[in-house]
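Dear colleague,

My findings follow directly after it.

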Amino acid sequence: MSRARSIWLVARREVFERGRSRGFIFSVLFTTVIIIASFIIPALIIGDQAATRIGVVEPAPDGIETAITATAELLDQEVEIVTYPDREAGATALADEQVEALVVVPGNLSNAGELLFREEADPTIQGIVSSAIAGLRVNAVLGEAGVDPTALAGAQAPPTVRAIEPPEEGAEAQFLIANITAVLILVGVFSFGFTVLTGVVEEKQSRVVEVVLSTVLPRDLLMGKVLGIGVLGLVQLGVFVIAGLIAASLTQEFQLPPTTSGAAVQLVLWFSLGYTLYSTALGVLGALASRMEEASNASTPVTMVAMASYFVAIFAVLSDPSGVVAVIATFVPFSAPMVVPMRAALGAITPVEIAVSVAITVATIWVLFVVGGRVYSGAALQTAGRMRLRDAWRSAGE
Amino acid sequence: MLEIIDLAKRYGNVVALDGATFTARPGRIVGFLGPNGAGKTTTMRCIFGLARPDHGEVRWAGRPVDRVTRLRFGYMPEQRGLYPRMRVGEQLSYFGQQHGLSGKAADAAGRGWLERLGLADREKSKLEELSHGNQQRIQLATALVHEPELLVLDEPFSGLDPLGTATMTEVVRERAAAGVGVLFSSHQLDLVEDVCEDVVIIARGRIVASGPIDELKAASGRRHLDIEVAGTDGAWIGSRPDVQVLEHSGGRMKLLVDDRVPLDELLTAARTAGELRQFSYQPPRLSELFMEAVAEPAPEPEEARP
């Protein structure tokens with residue numbers, strides 16, 4: 001039987017045993033629901049606020065509806081006008097919360113009329129309605145005085161509005177995607193890397209490792225374990241990304257920038273590399289421990305490196321994606337998995353840089369497997385206390 | 001044939017194996033005996049590549065054992081353990097496949113063993129849901145599911161109830177009858193005497209005795225002689241250098257004698273002394289051979305006698 005089949009069997013066992021566990025399924029479903037909700041709930045809330053209903057009592061002056069709507073638009077507000085035949089019907093509607101405010105203005109604009117609220121005045125609505133009525137009344141007065149309506153309209157035209165440093169198209173979305181990418185990779189690497197760590201320690205604790213290693217080589221066992229759990233990690237990541245993209249496109253609140261698909265590819269690539277790198281290191285440290293508490297102590301250095309890489313990514317790289325720190329971090333294998341996809345999402349990395357970074361990371365993973373495989377075989381049957389890395393290396397020596 | 005050739009292994013300053021050499025033949029049940037820490041588990045781990053000997057080698061069918069050869073071996077470690085939350089049927093199938101069986105063949109073999117052990121209805125149970133005794137049965141089935149040519153069992157009888165012991169004995173005998181070589185370690189010497197044909201005794205990392213039990217007994221210089229002569233006090237035996245009195249009450253005596261003791265002379269002396277009721281001459285028990293073999297300083301068990 002080939003070693004490849006042996007590795008495949010180990011990986012398949014991990015996928016089936018963990019993939020159908022209630023814990024895994026529940027956590028994927030739960031997180032997916034949270035992701036979708038985080039897109040849809042804000043959209044629903046914003047949607048509710050979008051159109052403020054304002055009641056107008058007939059007979060109302062000509063053009064009042066247009067005036068209110070146009071003024072609201074200038075203030076980036078959306079209003080819907082509902083007309084009522086008399087004041088009594090309007091007041092009932094206001095009391096029944098069918099409208100937010102009720103406008104009562106005489107049709108001939110002889111006075112500024114009344115603006116009624118239910119409990120307290122809304123300053124925005126008050127501003128919109130007040131300036132609409134004032135505008136109509138001024139126009140009426142000036143019209144009677146014979147002022148040219150065209151000149152009047154011209155005089156009332158708003159100024160040209162312009163930002164002197166407009167953000168690039170989709171820059172905000174790019175920034176958001178870069179952040180989400182870093183978080184997904186950090187969380188994925190942590191949760192699935194620690195699954196590998198736990199799995200290794202559990203095999204030692206249940207002593208099954210001796211039976212397994214009587215047929216499977218230690219390096220193959222480690223590799224199969226990392227692969228199998230990694231498949232689950234990719235499945236979970238895929239579900240999250242697809243759920244997020246679908247939710248984002250459904251709500252249409254969020255315009256996906258053109259770099260999205262490239263960022264998704266980088267996310268999957270760097271999740272795979274980052275996970276493999278960190279989980280192999282964690283798996284080897286797990287083999288040195290014989291109890292869970294020892295394993296979590298042993299994993300501290302790896303945890304620190306991962307956290308440090310994340311902070312470099314969100315502080316140094318996000319603010320200056322092409323800066324010196326960002327470039328250096330691109331070529332350090334432990335920070336690359338968070339830094340590179342972030343720079344890619346921001347469109348601030350060249351394909352050559354990505355290729356070199358991938359090569360360095362893959363080489364590091366290979367070294368980890370070779371060193372880790374030997375340490376693993378030296379430590380896997382050690383069941384008392386925590387073994388030192390050097391002793392494990394020696395004990396497996398030729 | 002399994003050949004253990006001059007194995008040596010040190011853990012730091014502790015010598016686990018110091019030139020151990022022995023063989024285990026197909027179809028024979030070999031009891032692997034020795035005090036705690038004598039090197040039994042280390043030897044077994046060397047057979048499975050779980051420990052790397054500093055010196056010496058393990059051969060099977062005349063060739064050094066490698067990963068592919070080991071797929072035809074079955075192992076039950078002293079520290080029992082399987083995947084607690086994995087279903088029993090899938091667990092057996094998994095280990096069958098890891099030994100090279102196809103998925104279907106491994107499923108069928110696993111089911112076969114579950115039926116054989118009376119656990120067919122537990123195929124879908126998680127291992128941890130089974131009783132301790134049944135978990136032990138599954139552990140045995142794990143070592144057997146791929147029909148190994150060599151079965152290595154480290155303390156297979158420890159922690160078994162009489163029923164479990166009976167099952168284990170039956171399975172081991174049946175496998176040996178099918179031509180499988182069986183090597184198992186145990187501290188239960190009476191059981192070993194009952195089950196095994198051959199024994200290998202290890203002490204301080206060296207093999208101090210090995211061979212068929214009958215031959216070892218025959219080669220031993222000790223014999224037991226139980227004599228009962230009514231109406232005497234036993235003084236008739238006198239004082240002989242080749243006779244040691246172990247127990248003495250009235251006319252009954254338990255003696256430990258040299259195998260060259262003149263039996264006729266003793267028999268005549270007994271008859272002369274009084275009415276002879278019992279005169280039984282027996283080889284030593286395995287436990288005595290064991291104690292003798294592992295005693296310090298290491299004796300040269302068989303060569304010790306001229």
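In chain A, the loop between strand S1 (51–57) and helix H3 (64–74) holds A:Pro59. The peptide bond that leads from A:Glu58 into A:Pro59 is cis, and its omega is near -5 degrees. Please bear in mind throughout that this is a predicted model.

A:Leu109 is not a glycine, yet its phi is positive, at about 60 degrees. This residue sits in the loop between strand S3 (101–104) and strand S4 (114–117) of chain A. A:Leu109 has 19 other C-beta atoms within 10 Å, and is therefore partly exposed; a buried residue would need 20 or more. In chain B, B:Ala61 also has a positive phi, near 55 degrees, and is likewise a residue other than glycine. Its place is the loop between strand S4 (55–60) and strand S5 (63–64) of chain B. B:Ala61 counts as partly exposed because 13 C-beta neighbours lie inside 10 Å, where 12 or fewer would have made a residue exposed.

Turning to the domains, chain A is divided into domain 1 (51–155) and domain 2 (171–395). The C-alpha centres of these two domains of chain A lie 60 Å apart.

Helix H14 (residues 336–345) of chain A packs with helix H7 (residues 171–205) of chain A, their axes coming within 8 Å and crossing at roughly 160 degrees. An angle over 145 degrees counts as roughly antiparallel, and H7(A) and H14(A) are therefore roughly antiparallel to each other. The crossing of H7(A) past H14(A) is right-handed. Among the residues that make this contact are A:Ile177, A:Thr181, A:Ile185 and A:Val189 of H7(A), together with A:Met338 and A:Met342 of H14(A). By class, the contact of H7(A) with H14(A) comprises 11 nonpolar and two polar residues, with no charged ones.

H14(A) also packs with helix H10 (residues 260–288) of chain A, at an angle of about 175 degrees and with the axes 9 Å apart. H10(A) and H14(A) are therefore roughly antiparallel to each other as well. Contributors to this contact include A:Leu267, A:Trp270, A:Leu273 and A:Leu277 of H10(A), and A:Val340 and A:Ala344 of H14(A). The contact of H10(A) with H14(A) has 11 nonpolar, three polar and no charged residues.

Elsewhere in chain A, A:Ser296 belongs to helix H11 (residues 292–298). A:Ser296 is partly exposed because 17 C-beta neighbours lie inside 10 Å. From A:Ser296 to A:Gly23 the separation is 273 residues in sequence and 20 Å in space, C-alpha to C-alpha.

Chain B contains 10 helices and 14 strands. Its C-alpha atoms fill a box of roughly 75 × 45 × 30 Å along the principal axes. Of the 306 residues in chain B, 41% are buried. The assignment for chain B gives domain 1 (2–214) and domain 2 (221–282), and 44 Å separate the C-alpha centres of these two domains of chain B.

Finally, how many residues of chain A are in contact with chain B? There are 16 such residues, and they meet 20 residues of chain B. Helix H1 (3–19) and helix H8 (208–213) of chain A are the elements giving two or more residues to the side that touches chain B. That side of chain A has eight nonpolar, four polar and four charged residues.

Yours sincerely

Definitions and conventions: Residues numbered from 1 in each chain as written. Chains lettered and ligands numbered in written order. Predicted model: local features only at pLDDT ≥ 70, side-chain atom pairs only at ≥ 80, totals over all residues. Contact = placed C-beta atoms within 7 Å. Helix = DSSP H or I, 4+ residues; strand = E, 2+ residues; numbered from the N terminus. Nonpolar A, V, L, I, M, F, W, Y, C, P; charged D, E, K, R; others polar. Domains from an automatic or database assignment. Axes fitted to C-alpha atoms, helices over the stretch in contact; angles between N-to-C directions. Parallel < 35°, antiparallel > 145°, perpendicular 65-115°, else oblique. Left-handed = near helix turned anticlockwise from the far one by under 90°.
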